[in-house]
Number of protein chains: 2
Amino acid sequence: MSGSIPQDLAQYNLKRDELIRADRASRLDHLRASLLPAEQEADQVIRRIRAIEANSIWTADYPSIPHPFPGMEFLTGRTIIVQTKLFNILSKLPKGALLHAHLDGTVNVSVLLELALKHSAIHVCATEPISDKNFTSALPQFKAFAASELSDVGNVVGLTDATYRPSSWIPIQRARELFHADLGGPEGFDRWVTRSLTIDPSEAYGTHNTSTKIWSKFQTTFMVASPLVRYEPILIEYIRQFIVSSIEDGISYVEPRVNFMYKSIISADGQEIPHRQLVVIFDRVVREIKEELKRDGKEGFIGARIIYTTVRFCDNEELEWYLQDCIALKKEFPHLIAGFDLVGHEDVLKPLIYYAETLLRFKQMQKEAGVEIPFIFHAGETLGDGTMADTNLYDAILMGTKRIGHGFSLVKHPKLLEICKERDIAVEVCPISNEILRLTSSMSTHPLPILLNNGIHVALCSDDPSVFGNMGLTFDYFQVLAASELTGLIQLGEMAKDSIKYSTLDAKEKQEALVLWQKQWETFLEYVISTGNEYLASHN
Amino acid sequence: MSGSIPQDLAQYNLKRDELIRADRASRLDHLRASLLPAEQEADQVIRRIRAIEANSIWTADYPSIPHPFPGMEFLTGRTIIVQTKLFNILSKLPKGALLHAHLDGTVNVSVLLELALKHSAIHVCATEPISDKNFTSALPQFKAFAASELSDVGNVVGLTDATYRPSSWIPIQRARELFHADLGGPEGFDRWVTRSLTIDPSEAYGTHNTSTKIWSKFQTTFMVASPLVRYEPILIEYIRQFIVSSIEDGISYVEPRVNFMYKSIISADGQEIPHRQLVVIFDRVVREIKEELKRDGKEGFIGARIIYTTVRFCDNEELEWYLQDCIALKKEFPHLIAGFDLVGHEDVLKPLIYYAETLLRFKQMQKEAGVEIPFIFHAGETLGDGTMADTNLYDAILMGTKRIGHGFSLVKHPKLLEICKERDIAVEVCPISNEILRLTSSMSTHPLPILLNNGIHVALCSDDPSVFGNMGLTFDYFQVLAASELTGLIQLGEMAKDSIKYSTLDAKEKQEALVLWQKQWETFLEYVISTGNEYLASHN
């Protein structure tokens, strides 16, 4: 495009169209050679519904939501989102793969609590009696007891009793029954536990309204949940729930990150058993679900694999142990171990460069063991510019990461964006997680459009939906669509396809998954057109 | 850089350094062929002070600031900023030119109020009696009366009196005297007026915490201020104050945007006189200041020019009138009219494309008149992605804009970033304005680092310092430095130089200004090193 200014409007408009095309040329939705007629129509329908709802449901008066807008703070706007036609439609979108979710944060907390209440082995304690003073700050601690350790529950004193002895264990059911009526009784107990497993809007947007502060709360949700999730009888149901609810949301493959820092899980009878058993259970649950679906004549689920993770506070010696452990699991379960990652709050924990020597050795270790385990690193989940967390991006890329987890600060790095395109490195973008963890104040300030406009391949992910309340992927797709006029249905479809393309499925599996997705997509387009046009007819 | 992964750590580190260098290669601070020894030392001193203060003054307990951090919300963090050594040092930084500030929003509101109180012609009214109920919402309205219109002030009823007749005019001094003690008496009056001319943290971060809502408040500050600023006796002092306080902050040239939508100003005796008189006054004040400085043997001030602006709600016929008016002023004051711009809230007012035909004609009109007036357009001051406000960037660039005002959404446009580099279009970045007007929640989420890392030329600007409280440019430089580990003193210096290079000064003036700046810079470096090392010695 030359720099001279056109003389007349017709000429100007031609030049303008040319410039806009050039600017958007890298976007995947603009690169599509041709669109199906149904794609064109469905995209238009979605755009019209979005525009109508932006000026109706999003401008209505909500006593508890002082300034609603599309793409607003998720924890506050969620109640509006679920009322929209757009959300309703997107819940049917075939979403491909879920590539970034931490297993311990994937199942609705009320389901987890229900599971916990079924097991008499589960006990609870607190470091002080629970009262209205500490209801929102005191945390429950859970533990599965062996049958031999079970105490006499007859004379037990409740958690809300002033005479409760700090840190004394109570069977969970008894603790619930004894929860004082002033604090809501048994339902109050449920609220107390639920609050400890989730982030409340008053925390994310009030008391903990910085990245550092909200991470301190975020981490405690895992401390509370883990002893429950890592109890074998719950674990089995937990993994099942995660996969089944993902399938219900239109996800056909999951690649959760599983934290192997917990070196054991607790068996039904309260014994410590090696974490290898977690992989065995995962394998069994996946196979069972596949068989059930097959029996019911349902298609739509390809499978699940595990990204082995440990936490960025270990030292190099410990990391070496985890790498060996990961290789051993990969040898035993080659179809299940998808990659290796290091997790935790990048702004405060050790940077990748600290582990460089050990991580570089991993390639050689794999060669010797005859396995291949790609790195799939978290990197750049930060607001920093030139900080350690930000420079993790250099190391992730130099170490050959297959994808980048979050990559929130990637848009600040022109050369790295170039490399991601050259080497076909996709980014796992977790929009709702980023917003709740205060990297962005709303979807309108999220850097995702910069990635998309630069033609970077993106898979939308939920990260820790149990903590954030964004179960499935519908909420994340919704937030993305609500915050950009440029992004429409075609771009969402490209992201769904990319989630399959950039998974660790092998070439043949990917091909099958993409064929399945295309079939689901075409059914979905028909649905959008029919239900959407019905909506539009009644909203004119 | 090839994609293979190095085998050993030494090799890895070499490759890492190479990658980081390549990624930062476009940054202006990295492009500097060589640094003066004093530049190197001063930069290190500044980085060390920043690190110390990040962990001391920014982590202290402030009862009224629940979560302080460097780069935090300006209206809340301001009281901490002014206590820092970093701020103290930056106040001495030679800042080059101020290229983006709206004249009516440049002078401290308490100074404006003081000026108003000196003139018996100035009257005030309100649409209802002022009480504790409407103290923060009811706005004062000002008007300069002709001597012949002056009412008898003896029996006047105060604004806070329940019997006050809505919209009846009261001389400002009387209104102040009569302001009820329950509302603070005369000082209460001052607070009431001041609040109407500024944005309060409770508004930006509470009641008006979206871009749309805060703009509605923002606009009222100008409605209140304009009748005062446009009163000739005040105007003279206002322009003087703006320039003198800018010089005191280390600014050596200003290019304010002046709104000519007000087609007249009010003379000392309350008569309407054409706005041409504003240019005459501007000219006179600038010359007087220059002479005074010369007389005192002070150098450091190059001059001031006006960017002619009108508001994006006019139609094309009206725009045509303004363009003709702008040309007429340029012919009469060729040394004073620097450019043409359209201002106002881009998200809701008319997009540039609406004016395309008229604006394209402007070139021809200039040729016929034998003048040259560059466009210096506001564009992309928005969170939108593909919205009208966002697409203003295409039109600003296609129309040959010399600089881009704000360009907040520019980082979303890969092709436009490329063009800005090719055609040497600089961006006027107003970090504090963007944050208070809710385009970014804090400095850490501002897109400035993306511009800098892409090698875009940036001039830091204050926009409307009287409304935001960021008088001068020290606050804006402070916020930028506080929010990025990558940006140090060298980058700040490059931005200051760029503010001169991308001004509308002619080649010879620029050369003089740059020589002056370099001299100031070297003096400043010595100061940083001496005062900084003193600070560091006492904080070890």
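Colleague: Which backbone nitrogen lies 2.9 Å from a polar atom of the side chain of B:Glu39?

Modeller: That's the one of B:Leu36. Bear in mind that this is a predicted model.

Colleague: OK. Where does B:Glu39 lie, and is it buried or exposed?

Modeller: B:Glu39 lies in helix H3 of chain B, residues 37-54. Its relative accessibility is 2%, so B:Glu39 counts as buried.

Colleague: What does B:Glu39 touch, not counting residues up to four places away in sequence?

Modeller: B:Arg32 and B:Ser34, plus B:Ile490, B:Trp521 and B:Leu525.

Colleague: Switching to rings: how many aromatic pairs over all chains?

Modeller: There are 46. One of them is A:Phe362 with A:Phe375, a tilted pair with 5.5 Å between centres and 35° between the planes.

Colleague: And which parts does that pair tie together?

Modeller: A:Phe362 is in helix H14 (356-369) and A:Phe375 is in the loop between H14 and strand S12 (377-379), so the pair links parts 13 residues apart in sequence.

Colleague: Are those two buried or exposed?

Modeller: A:Phe362 is buried at 0% relative accessibility, and A:Phe375 is buried too, at 2%.

Key:
Residues are numbered from 1 along each chain as its sequence is written. Chains are lettered from A and ligands numbered from 1 in the order in which they are written. This is a predicted model: local features need pLDDT of at least 70, side-chain atom pairs count only at pLDDT 80 or more; totals for chains, interfaces and linings use all residues. Side-chain values use heavy atoms; hydrogens and water are left out. Rings of Phe, Tyr and Trp (its six-membered ring) pair if their centres lie within 6.5 Å; planes under 30 degrees apart count as stacked, over 60 as edge-to-face and the rest as tilted. Helices (H or I, at least four residues) and strands (E, at least two) are DSSP runs, numbered from the N terminus. Buried means under 20% relative accessible area, exposed over 50%, partly exposed in between (1.4 Å probe, protein chains only). A polar contact is a pair of N or O atoms within 3.5 Å; within protein, one must be able to donate a hydrogen and the other to accept it, and residues adjacent in sequence count only if both atoms are side-chain atoms. Contact means heavy atoms within 4.5 Å.
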